Structures are given as C-alpha cells and as structure tokens.
Amino acid sequence: LPEAVHPYLAFIEAGMEVDFASISGTATCDPSSIDASKEDTACMKFWNDEKLKGLTLTPKKLADYDVSAYDSVFFAGGFGTMWDFPKDPSVIKAIKDTYTAGKPVAAVCHGPICFQNVEIDGVPIVKDKEITGFTNGEEAAVGKYEVVSAPSGPGSCEDALTAIGGKFKDGGVFQPNVCVAGNILTGQNPPSAGPLALKVIEALK
C-alpha cells in the first residue's frame with residue numbers, strides 16, 4: 001500500500017497527473033500491507049477514500065496505454081509482482097520504450113524484478129548499474145526467501161538482478177535506500193517509496 005500511496009501523493013503534490021495501470025485491468029492490495037499500514041495516516045486516508053481506492057482496484061491495462069505520452073513509469077511492488085512482472089510483454093515494452101526515450105523508469109521494493117528480462121541491444125538493462133530492491137535479508141525477515149526463490153519464484157530481487165550484472169546495493173533491513181543509475185531509479189522497500197518518488201520528480205524538473 002505505501003509503495004503506491006506515498007509516490008502518488010508526492011507526484012500529486014508536485015502538480016503531476018497520475019494514472020494507475022495493471023497487467024490484467026484489476027489489482028488487489030496485499031492484506032498484510034494494509035494491516036502493516038494501520039498507523040500510516042496517509043495510507044489509511046487514501047485506502048478509506050472509495051474514489052482513490054478505486055483507482056488502484058480497477059485500473060486500465062498497461063498494454064492499453066501509450067506510454068510515449070507519459071513522462072515516467074513507476075512500478076510499485078508487492079509479492080505478486082514477482083510472478084507477474086518479469087515475463088509480461090506489456091511491462092517489458094513499457095520499460096524499454098520509456099528508457100530508450102530517456103525518461104525515468106522507477107521501481108520499488110519487489111517492483112524492480114520488472115527489469116529481470118529487459119534487454120537493450122542484447123544487454124540486460126541493469127548490467128553494471130547500481131540498483132536496489134527488496135533484499136535477501138528482508139525476504140528472510142518476513143519468511144519469504146524460499147518462496148520467491150527458484151523454482152517456485154523468479155529468484156529474489158537481489159539474486160535475480162545480481163545474476164544479470166546489476167550492482168545491487170543493500171541499505172539495511174527496512175531502511176530507506178534509493179539508487180539512481182541514469183534514468184533507472186530503484187527503491188529498496190516500502191520506506192523507500194516516498195524518497196524514490198522525490199528522485200523521479202527531481203529527474204523530471
């Protein structure tokens with residue numbers, strides 16, 4: 001929840017327009033994320049506003065958007081993205097089109113798994129770039145490392161992105177951490193979502 005709400009609020013405050021998208025045209029929020037955000041006033045205000053909540057539940061399909069009309073794309077995380085993002089053609093196309101246009105591509109927490117199968121001229125898009133995402137230490141802390149690891153999952157963000165040449169930066173378990181590598185911007189975990197959004201705003205100025 002905070003991975004979507006905090007960036008959304010930052011972008012709106014900066015005077016930007018924000019459209020939500022999902023792969024299927026529907027989306028659900030991890031119940032554990034809602035529970036963990038009970039003391040987060042901004043998240044609860046957003047989630048209890050039916051209009052705002054509705055933006056996240058029934059967004060347009062990513063494939064139905066012309067991403068060239070947008071200044072940036074931002075991929076929020078959640079455990080489900082580990083299986084949804086890596087091989088989805090609309091995700092890969094959105095990243096490649098935005099990146100090659102020189103526009104910011106951002107992803108936070110589990111979201112950076114979106115880069116796993118993206119190549120530019122046959123080279124992994126994150127090769128030799130400083131990046132981050134939900135770390136192995138954080139996966140272990142929530143008891144999910146074996147779940148996201150192969151063969152049940154695509155591999156943790158740390159393992160998968162390191163395997164394709166990314167320079168993975170671990171900022172500490174559940175500590176804010178943002179990496180900027182040209183127009184690829186990544187945040188490590190939920191506390192990094194707001195700071196990552198601010199870096200995207202800075203890049204767009």
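# Notebook: looking around a predicted protein model

Residues are numbered from 1 along each chain as its sequence is written, and side-chain values use heavy atoms, with hydrogens and water left out.

**Entry 1: the overall build.** I looked up the secondary structure next and noted 10 helices and 10 strands. The radius of gyration is 16 Å, close to the 17 Å that the globule rule gives for 205 residues, so the protein is as compact as a globular protein of that length. Helices (H or I, at least four residues) and strands (E, at least two) are DSSP runs, numbered from the N terminus. The radius is taken over C-alpha atoms, and the globule rule is 2.2 Å times the number of residues to the power 0.38.

I also checked the box that the C-alpha atoms fill, and along the principal axes it is roughly 45 × 40 × 30 Å. Of the 205 residues, 46% are buried. Buried means under 20% relative accessible area, exposed means over 50%, and partly exposed is in between (1.4 Å probe, protein chains only).

Then I turned to contacts, meaning heavy atoms within 4.5 Å. Among those between residues at least 6 apart in sequence, 71% join residues at least 24 apart.

**Entry 2: charges.** How far apart are the mean positions of the positive and negative charges? I found 4 Å between them, for 17 positive and 27 negative charges. Lys and Arg count as positive and Asp and Glu as negative, while His and the chain ends are not counted. The place of a charge is NZ of Lys, CZ of Arg, CG of Asp or CD of Glu.

I searched the whole structure for salt bridges and got 1. A salt bridge here is a side-chain nitrogen of Lys or Arg within 4 Å of a carboxyl oxygen of Asp or Glu. The partners are Lys93 and Asp97, whose closest N and O atoms are 2.6 Å apart. Both sit in helix H6 (residues 89–100), 4 residues apart, about one turn of the helix. Lys93 is exposed at 52% relative accessible area, and Asp97 is partly exposed at 31%.

Glu138 was my next stop, in helix H7 (residues 136–141). Glu138 is buried yet has no salt bridge, and its nearest side chain of opposite charge, Lys169, is 13 Å away. I listed what Glu138 touches beyond four places in sequence, including Gly172, Phe174 and Gln188.

**Entry 3: residues in loops.** Is Ile113 buried or exposed? It is buried, at 0% relative accessibility. Ile113 lies in the loop between strand S4 (105–108) and strand S5 (119–120). Leaving out residues up to four places away in sequence, I saw that Ile113 touches several others, among them Met82, Phe85, Pro154 and Cys157. Gly77 is 36 residues from Ile113 in sequence, with 8.7 Å between their C-alpha atoms.

Tyr70 is in the loop between strand S2 (60–61) and strand S3 (73–75). I noted Tyr70 as partly exposed at 26% relative accessibility. Tyr70 touches Asp19, Tyr65 and Lys103, again not counting residues up to four places away in sequence.

**Entry 4: backbone details.** I found a cis peptide bond joining Ala150 and Pro151, with omega about 10°. Pro151 belongs to the loop between helix H8 (145–148) and helix H9 (157–163).

Asp121 is not a glycine, although its phi is positive at about 55°. I located Asp121 in the loop between S5 and strand S6 (123–124), and its relative accessible area of 79% makes it exposed. Asp128 also has a positive phi, near 65°, and is a residue other than glycine. Asp128 sits in the loop between S6 and strand S7 (130–131).

Key:
This is a predicted model: local features need pLDDT of at least 70, side-chain atom pairs count only at pLDDT 80 or more; totals for chains, interfaces and linings use all residues.
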